[in-house]
Amino acid sequence: MENMPTPKTRKPNAQWDSNAAKIFNEICVEQVLANNRPQGCLNNKGYANLIKQFNERTGRNYTRVQMKNRWDALKADFTTWKTLLLSASGLGRDPKTGTIAASNDWWEEKIEAMPLCKKFRFAPLENEEDVEIMFSGASCTNANAVAPGAREGSADNGSEDVQEVHPSSAEKQPAKRAAAYKSPKKPKKNFRDMQQEIAEMLQSVIEAGACEGSDEHFYATQLLIKKEFRDVFVTLKTPEGKLGWLKRTWEERKKR
């Protein structure tokens, strides 16, 4: 009797609950800030660090393929979200949901042209600041996603080409209104500025007495990627104050 081949066991799909998603993003941000994303995705070193650290922190055993699938899914979400923001000239954020404050008709038009944006109807991009760092300078907008009737042809929702969005005539805003949108009260820092700011703060942590590998230095690498924590840290003057704040803030964050 011939031996029957053993069927291959299919690896279970990766589950991205809120904790796993948060850890994935935090490690990816660390790798981007460590210059392990030279182009549009992490390099071999970046993926090796991501896989090792993620599996150690979550107790899971995810593969590079699963990590790459997650990266690609987040990039698609980021592309869609940025495209929505570009087409939302003059619109603000809903104070309750955090997403774009627009009429039902506006949303229906966008969803018909770009179905992936449906997930942002009642909620903004999750962990927006982390994802911005992950893909800033290497991402894009979906220039092919247009409103129905804007031009002939259907939208290519999977496109990730780096192109400028050219809104249809129906979506174009008066020059005066567009200028107001492009001139926010406080200029937004680009990725390079943000990277430099974080590097300078981490250096001040080292100068305060927390060498690389110490608990306080680790806390800083996790906390200072968030603007809300950088805004507080920059006001601290003494080494003792900086290290004490890092420790207490980290402990408070863990309780949430």
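## Terms and basis of the model

A residue is called buried when its relative accessible area is under 20%, exposed when that area is over 50%, and partly exposed in between, using a 1.4 Å probe and protein chains only. The model described here is predicted, and local features need pLDDT of at least 70, side-chain atom pairs count only at pLDDT 80 or more, while totals for chains, interfaces and linings use all residues. Residues are numbered from 1 along each chain as its sequence is written, and side-chain values use heavy atoms, with hydrogens and water left out.

## Overall make-up

The protein chain contains 10 helices and zero strands, where helices (H or I, at least four residues) and strands (E, at least two) are DSSP runs numbered from the N terminus. Along the sequence, the pattern therefore reads α-α-α-α-α-α-α-α-α-α. Of the 256 residues in the protein chain, 39% are buried. A contact means heavy atoms within 4.5 Å, and among the contacts in the protein chain between residues at least 6 apart in sequence, 62% join residues at least 24 apart.

The buried residues are Asp-130, Val-131, Glu-132, Ile-133, Met-134 and Phe-135.

Helix α3 (residues 64–87) packs with α5 at an angle of about 105°, and their axes are 10 Å apart. This angle makes α3 roughly perpendicular to α5, given that angles of 65 to 115 degrees count as roughly perpendicular, those under 35 as roughly parallel, those over 145 as roughly antiparallel and the rest as oblique. The axes are lines fitted to C-alpha atoms, for helices over the stretch in contact, and the angles run from 0 to 180 degrees between N-to-C directions. On the α3 side the contact involves Trp-71, Leu-74, Lys-75, Phe-78, Trp-81, Lys-82 and Leu-85, which meet Glu-128, Val-131, Glu-132, Met-134 and Phe-135 of α5. The residues of this contact divide into eight nonpolar, no polar and four charged, where Ala, Val, Leu, Ile, Met, Phe, Trp, Tyr, Cys and Pro count as nonpolar, Asp, Glu, Lys and Arg as charged, and the others, Gly among them, as polar.

Ala-20 lies in helix α1 (residues 18–33) and is buried, with a relative accessible area of 0%. Leaving out residues up to four places away in sequence, Ala-20 touches Gln-15, Phe-54 and Arg-60. Although Ala-20 and Arg-60 are 40 residues apart along the chain, their C-alpha atoms are separated by 9.5 Å.

Asn-55, in helix α2 (residues 44–58), is also buried, at 13% relative accessibility. Beyond the residues up to four places away in sequence, Asn-55 touches Arg-60, Asn-61, Tyr-62 and Met-67. A polar atom of the Asn-55 side chain lies 3.0 Å from the backbone nitrogen of Tyr-62.

Asn-36 is placed in the loop between α1 and α2 and counts as buried at 6% relative accessibility. The side chains of Asn-36 and Gln-31 are joined by a polar contact of 2.8 Å, a term for a pair of N or O atoms within 3.5 Å in which, within protein, one must be able to donate a hydrogen and the other to accept it, and residues adjacent in sequence count only if both atoms are side-chain atoms.

## Cysteines

Cys-41 is partly exposed, with a relative accessible area of 30%, whereas Cys-117 is buried, at 0%. A disulfide is counted for a pair of cysteine sulfur atoms within 2.5 Å, and by this rule the count is zero disulfides.
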